[in-house]
Amino acid sequence: MIELIKKSNHIVIMTGAGVSSESGVPIFRGKENAWRGYQPEYLSNIDTFYENPSLIWTWYQWRRDLISQVKPNQGHYAIAKLEAFCIKNNKYFTLITQNVDGLHIRAGSKNVLELHGNIFIDKCVNCGYSTNDVKKYENELPICPKCKKVLKPGVISFGESLSPETLQKSFQASMKSNLFLFIGSSGVVYPAADLPLLAKRYGAYTIEINTEKSSLADYLDKVILGKSGEVLPELLSSII
Ligand code: NAD
């Protein structure tokens with residue numbers, strides 16, 4: 001791994017919910033993520049927000065409270081230290097995350113593309129207004145100060161479009177990468193799941209690190225099974 005890092009001039013890491021599981025944030029398809037018996041797919045759909053915004057705001061406030069209480073883990077810190085190593089050695093480094101918890105930034109990562117948004121932002125799906133000055137939800141729906149529609153947490157729901165700018169940067173970084181690490185994701189949410197395969201098609205060496213093989217594993221160059229909070233510090237120990 002260290003040899004691959006040393007000879008690569010653009011390294012991309014793409015993470016999913018598994019990277020935050022050792023911090024105590026439930027993964028998407030895990031049993032602990034069932035809230036009040038609802039399926040996460042139902043709660044994460046934009047139609048459910050339009051039909052029942054109070055339910056969705058109650059769920060998101062529960063997630064915000066949970067995430068506020070956890071800390072980044074050794075996997076997040078190892079990724080931030082790898083970025084610092086790349087900067088010091090004049091290499092490009094891009095972190096693309098499907099996570100919305102902000103833990104990578106809290107661990108010190110700098111060049112982060114939050115593909116699915118951030119849970120600590122409120123946004124207006126009507127006029128595009130957004131703010132990180134979020135108030136605790138206590139039964140009163142937050143209202144957009146510009147257009148007076150109900151605000152939504154800044155997480156992209158199923159049925160909503162990703163930010164075109166973030167998506168474009170993610171595609172470009174993946175195409176330019178020489179080494180692409182795909183970590184803690186089941187690889188079933190698109191278009192995110194296109195990125196490792198795109199990187200491979202453009203010549204990157206692709207490695208997956210997961211506790212269980214993802215749906216992309218068979219198409220990538222190497223799979224390392226294990227917890228990211230243990231595997232990453234060990235793999236990178238000589239440079240971070
Ligand atoms: P997922 O839940 O579908 O898959 C997570 C994968 O991580 C699992 O397949 C599992 O094999 C692996 N995993 C579990 N613990 C791990 C560990 N310690 N180390 C390495 N791998 C581990 O998650 P996904 O693919 O990211 O897709 C779910 C969607 O839900 C994403 O869009 C994401 O934005 C969202 N989500 C985000 C968070 C978060 O921000 N922390 C949490 C839940 C869901």
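Which residues does Phe93 touch, not counting residues up to four places away in sequence?

Modeller: Happy to, with the reminder that this is a predicted model. Phe93 touches His10, Ile11 and Ile13, then Ile79, Leu82, Glu83 and Cys86, and also Asn111, leaving aside residues up to four places away in sequence. Two of these partners, Ile13 and Leu82, join Phe93 itself, Ile5 and Ile183 as the residues with the most contacts inside the largest nonpolar core, which has 23 residues. The elements that give two or more residues to this core include the helices α1 (2-7), α6 (74-88) and α10 (228-235), and the strands β1 (10-15), β2 (92-97), β7 (179-183) and β8 (205-210). Among them, α6 gives the most, with 5 residues. There is also a second, separate core of 18 residues, with Ile156, Ala173, Ala204 and Leu220 among its members.

While we are here, let us turn to the ligand. It has 27 residues around it, and those that come nearest are Arg29, Gln98, His116, Ser185 and Ser186. For Ser186, an N or O atom of the side chain is 2.5 Å from an oxygen atom of the ligand. Ser21 places a polar side-chain atom 3.0 Å from a ligand nitrogen atom. Glu212 takes part through its backbone instead, with an N or O atom 3.3 Å from an oxygen atom of the ligand. Overall, the protein covers 93% of the 850 Å² of accessible area that the ligand has on its own.

Key:
Residues numbered from 1 in each chain as written. Predicted model: local features only at pLDDT ≥ 70, side-chain atom pairs only at ≥ 80, totals over all residues. Heavy atoms only, no water. Core = buried A, V, L, I, M, F, W, Y, C linked by side-chain atoms within 4.5 Å. Buried < 20%, exposed > 50% of the residue type's maximum accessible area, 1.4 Å probe, protein only. Helix = DSSP H or I, 4+ residues; strand = E, 2+ residues; numbered from the N terminus. Contact = heavy atoms within 4.5 Å. Near = heavy atom within 4 Å. Polar contact = N/O pair within 3.5 Å; in protein donor to acceptor, adjacent residues only side chain to side chain. Areas by Shrake-Rupley, 256 points an atom, 1.4 Å probe, with all protein chains shown as cover.
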